[in-house]
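Take a look at the structure shown here. This report turns to its salt bridges.

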Amino acid sequence: MTDAREQARWTRARLGRCGPPLDLLTARFSRHEYAPHAHDEFTVGVTIGGLETIAYRGGRIVSGPGTIVVLEPGEMHTGGPASPDGYSYRALYAAPALLTDGTPGDRVLPHFREPVLHDPELAAALRHAHTDLSAHPDPLEAESRLPWLLTALTRRHSTSRAGGDAVPGAGPLALAVRDRLADDLLAPPSLAALAADFGLSRYQLLRAFRTTMGVPPYAWLAQYRVIRARTLLDAGLRPAEVAGLVGFADQAHLTRWFRRVLGVTPAAYRNSVQDAAR
C-alpha cells in the first residue's frame with residue numbers, strides 16, 4: 001500500500017525547443033531522509049508545508065512554509081523532516097549559467113551566504129511557475145519564466161551585482177521577436193537562439209520583450225494561440241483537434257489558457273457558437 005505521506009514526482013522541462021533540460025521535483029516526506037550528497041546544479045526549492053532540516057556547510061538549517069532554499073553546486077547536504085508531521089516542497093535543479101544571465105562581467109558563480117531566504121513575492125512566483133510547468137512543461141514557457149526568476153533570485157540575494165537593464169532598440173526588437181513567434185506556432189524558436197541572432201543575452205531579450213509587450217514571450221504566444229484556436233472552433237473543429245493545430249501540448253493545456261484569456265472553456269465556447277448559428 002502506498003504511503004501518501006511519502007511522495008516524490010520528477011518532471012523534466014526543456015528550456016526552449018531542443019534546449020537543455022531542467023528537472024523539477026515535487027515531494028512530500030514524513031520519514032525519508034536524504035543521505036549526504038551534492039549536485040552539479042543549483043538546487044532552488046520552496047517549502048510548501050511543514051518543516052525541513054538540512055545539514056549544510058557544517059551546520060544545520062531549517063526551512064518553513066514560504067521560504068526559499070538555495071543550495072550551491074558541489075555543496076554536500078542532507079535533508080529530512082524536522083517534525084513528525086513531515087514537510088512538502090518543490091525544487092528545481094538549475095545549471096549555474098541560468099543564474100548569471102542577468103549579471104555583468106565574467107559570469108562569476110553567484111554566492112548565497114544565506115541558504116534560507118525570506119522573499120514571499122519571489123517564493124510565490126517560483127511556486128506557481130513550478131506548478132504550471134510540472135503540469136505542462138512547455139519549452140517556451142519554461143525558457144521565459146525560469147531564467148527570469150532565477151536572475152531575480154541572483155540579483156536580490158547573492159553577492160553578484162546587477163547589470164544595466166536598458167536594451168537599445170527594445171521596441172523594434174520586441175516586435176521582431178513577436179513576429180518570429182507568430183510565424184511558427186507549432187515549433188517556436190528558443191529564446192536563446194533568438195537572443196543570439198540579435199547579439200543579446202537571453203535576459204536582455206526577455207527584458208526588452210516584457211517592457212514593450214507587457215507580458216513575457218510565452219504568455220504572448222499562448223494568447224495568440226487562443227485567438228487562432230477561437231477561429232478554428234468557430235469553424236466547427238473539436239477542442240482536441242484544435243489544441244495540436246495551434247501548438248498547445250494537449251486539450252488540457254489549451255483549456256487552461258483559453259479559460260484564462262476568454263473566461264470559458266473551449267468546449268463551452270464552441271457549443272455557444274454552434275447554438276447561436278442554429
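What follows is a short tour of charged side-chain pairs in a predicted model.

## The count

The model holds 13 salt bridges.

## A link between two strands

Asp-23 and Arg-12 form a salt bridge through their side chains, at 2.7 Å from N to O. Asp-23 sits in strand S2 (residues 21-29) and Arg-12 in strand S1 (residues 7-14), so the bridge ties together parts that are 11 residues apart in sequence. Arg-12 is exposed, because its relative accessible area is 53% and the cut-off for exposed is over 50%.

## A link between two loops

Glu-75 and Arg-57 also pair up, with 3.3 Å from N to O. Glu-75 belongs to the loop between strand S7 (68-71) and strand S8 (77-81), while Arg-57 belongs to the loop between strand S5 (52-56) and strand S6 (59-63), so parts 18 residues apart in sequence are tied together.

Both partners are partly exposed. Glu-75 has a relative accessible area of 24%. For Arg-57 the value is 34%.

## A link between two helices

Glu-121 and Arg-156 meet in a salt bridge at 3.4 Å, N to O. Glu-121 lies in helix H1 (residues 120-135) and Arg-156 in helix H2 (residues 139-157), so this pair ties together parts 35 residues apart in sequence.

How exposed are the partners? Glu-121 is exposed, at 56% relative accessible area. Arg-156 is partly exposed, at 43%.

## A network

Which residues are linked in a network of salt bridges? They are Asp-132, Glu-141, Arg-145 and Arg-256.

Notes: Residues numbered from 1 in each chain as written. Predicted model: local features only at pLDDT ≥ 70, side-chain atom pairs only at ≥ 80, totals over all residues. Heavy atoms only, no water. Salt bridge = Lys/Arg side-chain N within 4 Å of Asp/Glu carboxyl O. Helix = DSSP H or I, 4+ residues; strand = E, 2+ residues; numbered from the N terminus. Buried < 20%, exposed > 50% of the residue type's maximum accessible area, 1.4 Å probe, protein only.
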